[in-house]
Amino acid sequence: MVAGIYLARLNRRVIIVDGGESRASLIPRSYNHPAFPDGIPGQDLLRRMHDQAGKFAIEHVVGRSDALERSDGCFQTTVAGRSLLSHSVICATGLVDILPPWPDATALVRSGNLRLCPICDGYEINGAPVVVLGNTRRAAREAEFLLSFSDCVTIATMGVELDGVNPRDFKPSMRLVTHRLASHHPAAEDRLSLEFADGSQMEAVAAYSALGCKPQSDLARSIGVELDEEGRIPTDQHQRTNVERFYAAGDVVTGLNQLGVAMAQGEIAAVTVHNDLRRL
């Protein structure tokens with residue numbers, strides 16, 4: 001969206017293909033986004049950006065592009081039955097978080113009872129006990145990071161064996177629970193209460209899912225874009241990929257998953273597209 005606004009202000013014709021599944025829409029309230037001292041819900045931020053984009057001649061196409069081809073030096077795709085042709089593409093397809101296998105997992109993320117980003121909201125924990133759901137080195141790293149905000153951090157593997165991490169490497173203040181999770185329910189103040197198969201309980205904890213994520217980079221791969229080992233897109237400092245006039249920005253790009261970072265990358269990509277097209 002940011003890239004589209006910038007390009008429109010550079011007098012470029014812009015088509016935004018939007019599948020309506022922005023990761024930002026899941027954020028109950030972002031407290032670390034600049035210029036919003038009381039925080040802003042992700043959906044409100046998206047609405048503001050849509051309103052801003054609406055002031056320009058930007059064409060919005062609702063749907064997904066599942067295949068991309070090169071044709072006479074341009075990119076061609078079909079979305080919602082329409083054939084689209086462009087000189088350049090900015091890929092901002094993001095990633096999908098892997099959530100616990102609970103029917104209400106997405107709803108708990110939207111309500112803030114299940115958290116995904118300690119960088120985003122660790123400050124708001126305010127010393128509460130923390131549970132990190134996961135069994136990998138990623139979960140261990142996240143638990144260690146959260147010690148900056150709480151001196152009571154537990155890794156709960158939910159009955160799955162540890163993978164690639166040894167409990168002997170844990171910080172002394174980190175605990176490990178390996179029992180299967182029997183039940184969960186939301187608690188006050190964006191907390192979660194957990195009951196394990198052995199009957200033990202953890203009440204009103206700040207719960208983080210650290211089960212990983214899936215970069216949405218299949219479209220980029222189909223056009224020959226090189227990916228890193230996680231399936232994310234490496235770019236140069238101007239958001240260019242190894243494929244000429246195919247750029248990338250946001251969470252699908254290697255780096256820090258933050259709204260401010262994604263916006264800045266969109267701005268950089270837009271200006272790079274404009275300058276590269278001037279040289280054609």
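Predicted model: local features only at pLDDT ≥ 70, side-chain atom pairs only at ≥ 80, totals over all residues.
Residues are numbered from 1 along each chain as its sequence is written, and side-chain values use heavy atoms, with hydrogens and water left out.

User: How many salt bridges does the structure hold?
Analyst: Side chains of opposite charge can pair when their charged atoms come close. A salt bridge here is a side-chain nitrogen of Lys or Arg within 4 Å of a carboxyl oxygen of Asp or Glu. By that rule, the number of salt bridges in the structure is 12.

User: How many residues apart in sequence are the parts tied together by Arg 13 and Glu 59?
Analyst: The side chains of Arg 13 and Glu 59 form a salt bridge, at 4.0 Å from N to O. Helices (H or I, at least four residues) and strands (E, at least two) are DSSP runs, numbered from the N terminus. Arg 13 sits in the loop between α1 (2–9) and β1 (14–18) and Glu 59 in strand β2 (residues 58–62), so the parts that the pair ties together are apart in sequence by 46 residues.

User: Is Arg 13 buried or exposed?
Analyst: Buried means under 20% relative accessible area, exposed over 50%, and partly exposed in between (1.4 Å probe, protein chains only). Arg 13 has a relative accessible area of 73%, so the class of Arg 13 is exposed.

User: Where does Asp 251, the partner of Arg 23, lie?
Analyst: Arg 23 and Asp 251 form a salt bridge whose closest N and O atoms are 2.9 Å apart. The pair ties together parts that are 228 residues apart in sequence, because Arg 23 lies in the loop between β1 and α2 (42–53), and Asp 251 in the loop between β16 (246–248) and α7 (259–278).

User: Which class of accessibility does Asp 251 have?
Analyst: Arg 23 is partly exposed, at 25% relative accessibility. Asp 251 has a relative accessibility of 12%, so Asp 251 counts as buried.

User: Which residues are joined into one network with Asp 236?
Analyst: Asp 236 forms a salt bridge with Arg 240, with 3.5 Å between the closest N and O atoms. Asp 236 is partly exposed at 32%, and Arg 240 is partly exposed at 28%. Through salt bridges that share partners, Asp 236 is in one network with Arg 240, Asp 276 and Arg 279.

User: What space lies in the second largest pocket?
Analyst: A pocket is found on a 1 Å grid over the protein atoms alone, as an open set of points where a 1.4 Å probe fits, with protein on both sides within 12 Å along at least five of seven lines. Grid points are joined across faces, edges and corners, and the volume is the space filled by probe spheres set on the points. For the second largest pocket this space is about 200 Å³.

User: Which elements give two or more residues to the lining of the second largest pocket?
Analyst: Lining residues have an atom within 4 Å of a point. Among them are Val 2, Tyr 6, Leu 45, Met 49, Met 263 and Glu 267. The elements that give two or more residues are α1, α2 and α7.

User: How many residues of this lining are charged?
Analyst: Ala, Val, Leu, Ile, Met, Phe, Trp, Tyr, Cys and Pro count as nonpolar, Asp, Glu, Lys and Arg as charged, and the others, Gly among them, as polar. The lining of the second largest pocket has six nonpolar and two polar residues, and its charged residues number three.

User: What phi does Arg 245 have?
Analyst: Most residues other than glycine have a negative phi. Arg 245 lies in the loop between α6 (218–222) and β16, and counts as buried at 12% relative accessibility. Although not a glycine, Arg 245 has a positive phi of about 65°.
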